[in-house]
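I opened the notebook to record what I looked up in this structure.

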Amino acid sequence: MFPQRLDSPLAYGIAKALIDGFNRHYRLFRAESARAKHRFETADWAGQQRAQRERIEFYALRVAEAVARLEKEFSAGTQPMDVWQQVKLHYIGLLVDHHQPELAESFFNSVTIKILHRAYFQNDFIFVRPAISTEYIEPQGAPTYRAYYPRDGSLAGSVMQLVNGFGLIVPFADLAGDAQQVAQAVLGALGPVRLRANFQLQVLSGLFFRNKGAYVVGRVQNGFTELPFALPILHDANGRLVIDAALFGEDELQMLFSFARAYFMVDMEVPSAWVRFLRALMPHKPRAELYSALGLAKQGKTLFYRDFLSHLNYSSDRFRLAPGIPGMVMLVFDLPSFPYVFKVIKDFYPPPKDTTREQVKRKYQLVKQHDRVGRMADTLEYSGVGFPLDRFEPALVDELQRFAPSQVEIGDRDGNGEMELVIKHVYIERRMIPLNILLAECLEQIAQPESPAAAERAQQQLTQAVVEYGHAIKDMVAANIFPGDMLWKNFGLTRGGKVVFYDYDEIEYLTDCQFRRVPPPRCEEDELSGEPWYSVGPRDVFPETFEPFLLANDHVRAAFMAHHADLLDAAFWQRHKERILAGHMLDVFPYDERRRFSRAQRGESVGASDADDAAEMPAAAAAGPAPVPNARAAAATP
C-alpha cells in the first residue's frame, strides 16, 4: 500500500526532476519532428533520413541524463522504498494536466528501472498500468484535426483549402487539377450514394513526413459511412509539389503505417489524440504499432508488453520452437495464439557463421535506424523479460539451455512459489509465413493437386510469392541494403501479401560490398574442384552463385527468371551501388503504382533517367488473388 502522507521534499524533488527530464525529451522530440517540414520544402532528403535515424537515439540519451541527475542531486539509488512510493504519487500529481501523460509514465519507468534493483519492479514503484487517463485532452495549440464541409459541389475547393492549410511554402504544379482528381477519387470510393447533410472531410492538423514524401491523413464522413484516406504529396522533376495519389480504406493506410517502414516525423502536442484518431481509421492495427509508427517507439514497447501480459492471462497454450528451419544465429520461439515471434541470440554458432553477439545486435540496430522501405520488419528489443515457466514446452526450455545458456535464468525470483524463466535479451517481431514453408506447400499442391483449379491456385500463389520476393530485394537495394543471406527461409509473407525480410545477422550496406562475376575456370581441374579457383575477399559477392541455392525447383526457377533474372547478374548490383555512391536516391513508395494519378492528365512527362531506373525496379505485380501494393522507383538527386 502507498503511504498516505506526501510531505517528503526529497520525494517531490525526485519527481520534479523526473518530469523535467521527460519534458526536455518531448520538447526536443517535437522540435526535430517539426523541422521535417522545412527539410521537405527544401528537398533535403539526406537531412531527412539523417534526422529520422538520429531521433531514434533521443529517448535513451534523455533517460541517461535523468539517471545521472537523480544520482548526482538526490543519491536516488540509495533512497528507501517508502521514498520511492511517494515519488510515484508526487509524479502522478504532476501529470494531472499534462498533455503527454502516457509517455511521461513510460519515461518514469525507464529511469526508475535503471536506478532500482529489479526485485522492486512492482506496481508500487512503476507504472504497470496507466494512472492518468488520456481521454479528452485538449491541445493548447492547433486542434488535433480539422473538419471541412464541402457545399454545392465544392469538394475540390475543400481539398484545396485543406492542403493550403498546411502552409507549405513550395508552390504546387497544379493544385486545382490535383484537387479535382482527389475529389473524383473520393466520390468514386464512396460509390453511388447520396451526399448527406454531415458530409465532411476530417484531416489531422499536421503532415506526416517520411523520406521524400509528406502525407495528409484523414477520413471522409458521409451519413453513417466513414472512409479513411491519405494523400501523398511529392516534389516533381521541376521542384514543384504534386498530390501523387489518393489512398482509401484500412488496408491501404495499414500499408502506409506498416511495421516494415521507417517512423514518421509529425509534430503532435497530444499524441494520444492522434493515436485515437488513427485507430478509428485502422481498428485492426494495435495501438502499440501506431505509437511506434509515429516515432514513439518506447511507448509502443510499453503498450506491447501490457498487451502481452494481458494475453498471457487469457490464454493457456504454451511457448514452442517456431515452425521452420532452425536458424544458425537465432533461436526462435512463439506462442501459437499470439501473432509475434521471440528471437534469442545463441551463445555459439556453427561454421561457416563467423560473428559475435555484439555484431548481431549492431545489425539489428542498423535496421532500426535505416529506412526499411516496407521490406524489413521492425523489432522490439527487451532485456530481462520474465515468463511463467509452466507456459514453456520442455523441448523449448532444453533448446534455450543448450544453445543460449548465458541468456536464460530459471528460478523463483519474487519468492511467491511461481517459477519464472527469465530471458536476458530478446527481440520480438511480427509473425509471418516463412517463404520456404509457403513455397513447399504450393509445390505440394502442384505435384498432388486436389483438383485442376487447386493446382492453378497454387501455381498462381507460388508465382506471386516469388515475384514479391524479387521486389523485396530490389526495394532493399534502392535503400542501400544488401540482405546477405537471401535464402527463402529468411523472408516471410505478411497478412497484406507483402514479402518482408527478417533475418539481419548478415545484412550489409550495398555500398560496402564488392559485386563480382565468377572468373572462368583456368583448366578442367578448376571446373571439377569443390573449392573456388579465384580469390574471395570478406565483402565479395558473386550474384550468379545465388542460383543453385534459390532455384533448384523448376516451378520456382521459371517464375524467378521471368521477372528477376537480373538479380543473378553482378552488373545489376554494381550499377545500383554506383548510383548510391553518386548521391542518387530512389523512391520506394508505400502504395500501388496503379493508385498514382495520371501524369498525362497533369501534362507531365517522365525523364529518361526516371524511365531507366524504373525499368530495373519493381513493376506492377501480375499474379495473385489480390493486388499486392507495389513500389515505384524514380531517380532523384538530393
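**Disulfides**

I looked for disulfides and the count came to 0. The model is predicted. The rule I applied asks for a pair of cysteine sulfur atoms within 2.5 Å. A disulfide is a covalent bond between the sulfur atoms of two cysteines. Cys442 is at 2% relative accessibility, so I list Cys442 as buried, the cut-off being under 20%. Cys513 has a relative accessible area of 2%, so Cys513 goes down as buried too.

**Whole chain**

I noted 22 helices and 20 strands in the protein chain. How much of the chain is buried? I got 54% of the 638 residues.

**Cavity**

I searched the whole structure for cavities of 30 Å³ or more and found 1. The volume of the largest cavity is about 230 Å³. I counted 23 lining residues, and those closest to the centre are Phe259, Glu289, Ser292, Asp378 and Leu380. Which elements give two or more residues to this lining? They are α11 (287-293), α12 (297-313) and β13 (420-430). I marked α11 as giving the most, with 4 residues. Last, I sorted the lining by type: 11 residues are nonpolar, 8 charged and 4 polar.

Notes
Residues numbered from 1 in each chain as written. Predicted model: local features only at pLDDT ≥ 70, side-chain atom pairs only at ≥ 80, totals over all residues. Heavy atoms only, no water. Buried < 20%, exposed > 50% of the residue type's maximum accessible area, 1.4 Å probe, protein only. 1 Å grid on protein atoms, 1.4 Å probe; cavity = no way out; pocket = protein on both sides within 12 Å on 5 of 7 lines; lining within 4 Å. Points joined across faces, edges and corners; volume = space filled by probe spheres on them. Nonpolar A, V, L, I, M, F, W, Y, C, P; charged D, E, K, R; others polar.
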